[in-house]
Amino acid sequence: MELDDLKYHLQQQAPAPGEQRSADDIAALLKPRARSVVDKLKLSLWFELLCSVIFLIVAIVVMCTAESRPTRIYFGVFGITSLLFCLLLGFLLYRVISLSSTPLPVKKNLETIYYIIHHFSRRYNQFTSLLLPLCVALLYGLIYQDMVTNGIEPISLAEQWPLLLQLLGYCIGGALIIYFIRTWYFRKLYFNYLKQLRECIRELATAS
Amino acid sequence: MASEQAFISMIRQHQNIVYKVCNIYMDNAEDREDLFQEITLQAWQAYRRFRGDAQFSTWLYRVALNTAITFLKKEKRQPATISTETLPEPVAYHEPAIEEQLKAMYKAIAGLSKIDKALVALYLEDYSYQQIAEVLGISANNVAVKMNRIKARLRDDSKKYYQPA
């Protein structure tokens, strides 16, 4: 049998009366629930954005109220970082919301979803990679300032190398742990899906 | 509310499109039901931006195919298998041989990739290559090449599944 024979048979066939849904049935289906990857991505972005906004508020409050100058600097820097992350998340969320409200041609739709997930994971990687050295550097500065404030004679830079090595060790160890957790998280959430998307885009792009 | 009523009315009129896409993409009743809900929901979310530039049926096909291709099945499901339970009920013909051939063709379609299924769904709906190209966002030439390949593959595969009594 050929596909055209099936097409002919289907055209002869009257619409199946068995599976018709009433208006009430359809109305009941309009309640949102996250099952598509776009909805899951939207939820994920909302959650990240909420956490970042909460952290930003806390950072601003601490920055404005803390008596210790190093603490104010510490939270000020993280507040700015958090604000940048909020802006990025807001942009990605806007793209995802636009995507679900405008049905694009299939190929464009797949490419856009792929771009958003890819972009999200890259920026997430960059953000978490930036946080650790920033955190360690600020911690070092904080300890140093605290010593100065409390009248403790800071040791010379030449004598600090064991401490610096220790901090570097923590930094590398922490970075490795974060890297593996982050990679596992994204592989679990999106890796297979991205692979499928790539395959569909490739299939649409090739003329065979 | 008026918008919701209008949408429900449109979906009721065109629900066969959603059923066809669900049948071609999902291999059991539970998944088909989930996909039906997801397509309806996605169409509702996009409906506010529907300006009537395209026919509602073409617009709905676009939403339905976008949703079906990117839909996440529930984890518990096993990999897609070809089963007759999943397929649209063939018309009851008096000639059993034709019914068997139709079933074989449906099985062959079930074995296609997601993109090829989208092409078949639109082709069976009697869309021109140009219309299919617009829904998928590729060139009409590309559609023609793909359709030739799909037809040849379905011809061979349906022969494999068809065992005359």
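1. Overall make-up of chain A. Chain A contains six helices and zero strands. Read from the N terminus, its elements follow the order α-α-α-α-α-α. Of its 208 residues, 36% are buried. Among the contacts in chain A with a separation of 6 or more, 76% join residues 24 or more positions apart.

2. Overall make-up of chain B. Chain B has seven helices and zero strands, and the order from the N terminus is α-α-α-α-α-α-α. Buried residues account for 52% of its 165 residues. For contacts in chain B with a separation of 6 or more, 66% are between residues 24 or more positions apart.

3. Confidence in chain A. The mean pLDDT of chain A is 80, and 90% of its residues score at least 70. Among the elements of this chain, helix α3 (residues 37–65) has the highest mean pLDDT, at 87, while helix α2 (residues 23–28) has the lowest, at 73.

4. Confidence in chain B. Chain B averages a pLDDT of 82, with 84% of the residues at 70 or above. Residues 76–87 of chain B call for caution: pLDDT stays under 50 there, and the model gives this stretch 28 contacts beyond four places in sequence. Where pLDDT is low, predicted coordinates should not be read in detail.

5. An unreviewed UniProt entry lists "transmembrane region" for residues 43–61, 73–94, 124–143 and 163–181 of chain A. In the model, residues 43–61 of chain A are 100% helix and 0% strand, with end C-alpha atoms 27 Å apart. Residues 124–143 of chain A are likewise 100% helix and 0% strand, and their end C-alpha atoms lie 29 Å apart.

6. A residue in helix α5 of chain A. A:Leu130 belongs to helix α5 (residues 106–149) of chain A. Its relative accessibility is 46%, so A:Leu130 counts as partly exposed. A:Leu130 and A:Ala175 are separated by 45 residues in sequence, and their C-alpha atoms are 9.7 Å apart in space.

7. The annotated domain in chain B. UniProt, again in an unreviewed entry, assigns "domain: HTH luxR-type" to residues 126–153 of chain B. Over residues 126–153 the chain is 79% helix and 0% strand, and the end C-alpha atoms are 20 Å apart.

8. Length and faces of helix α7 of chain B. Helix α7 (residues 140–161) of chain B has 22 residues, which should span 32 Å at 1.5 Å a residue; its end C-alpha atoms are 31 Å apart, in agreement with that value. Its buried residues are B:Asn142, B:Val143, B:Lys146, B:Met147, B:Ile150, B:Lys151, B:Leu154, B:Asp157 and B:Ser158. Viewed down the axis of α7(B), these buried residues fall within an arc of 160 degrees, so they line one face of the helix. On the other side of α7(B), the exposed residues are B:Asn141, B:Asn148 and B:Lys159.

9. What covers α7 of chain B. Which elements cover the buried residues of α7(B)? The cover includes α1 (3–12) and α6 (161–205) from chain A, together with α4 (96–110), α5 and α6 (129–136) from chain B.

10. Helix α4 of chain B. The buried residues of α4(B) are B:Ile98, B:Leu102, B:Ala104, B:Met105, B:Tyr106, B:Ala108 and B:Ile109.

11. B:Asp116. B:Asp116 sits in helix α5 (residues 114–124) of chain B. Is B:Asp116 buried or exposed? Its relative accessibility is 3%, so B:Asp116 counts as buried. Apart from neighbours within four places in sequence, B:Asp116 is in contact with A:Glu203, B:Arg149 and B:Ile150. B:Ile150 is itself one of the buried residues of α7(B).

Key. Residues numbered from 1 in each chain as written. Chains lettered and ligands numbered in written order. Predicted model: local features only at pLDDT ≥ 70, side-chain atom pairs only at ≥ 80, totals over all residues. Heavy atoms only, no water. UniProt positions renumbered as here; feature names shortened; annotations may be inferred. Helix = DSSP H or I, 4+ residues; strand = E, 2+ residues; numbered from the N terminus. Buried < 20%, exposed > 50% of the residue type's maximum accessible area, 1.4 Å probe, protein only. Contact = heavy atoms within 4.5 Å. Expected span 1.5 Å × (residues − 1). Arc of directions from axis to C-beta. pLDDT = per-residue confidence, 0-100.
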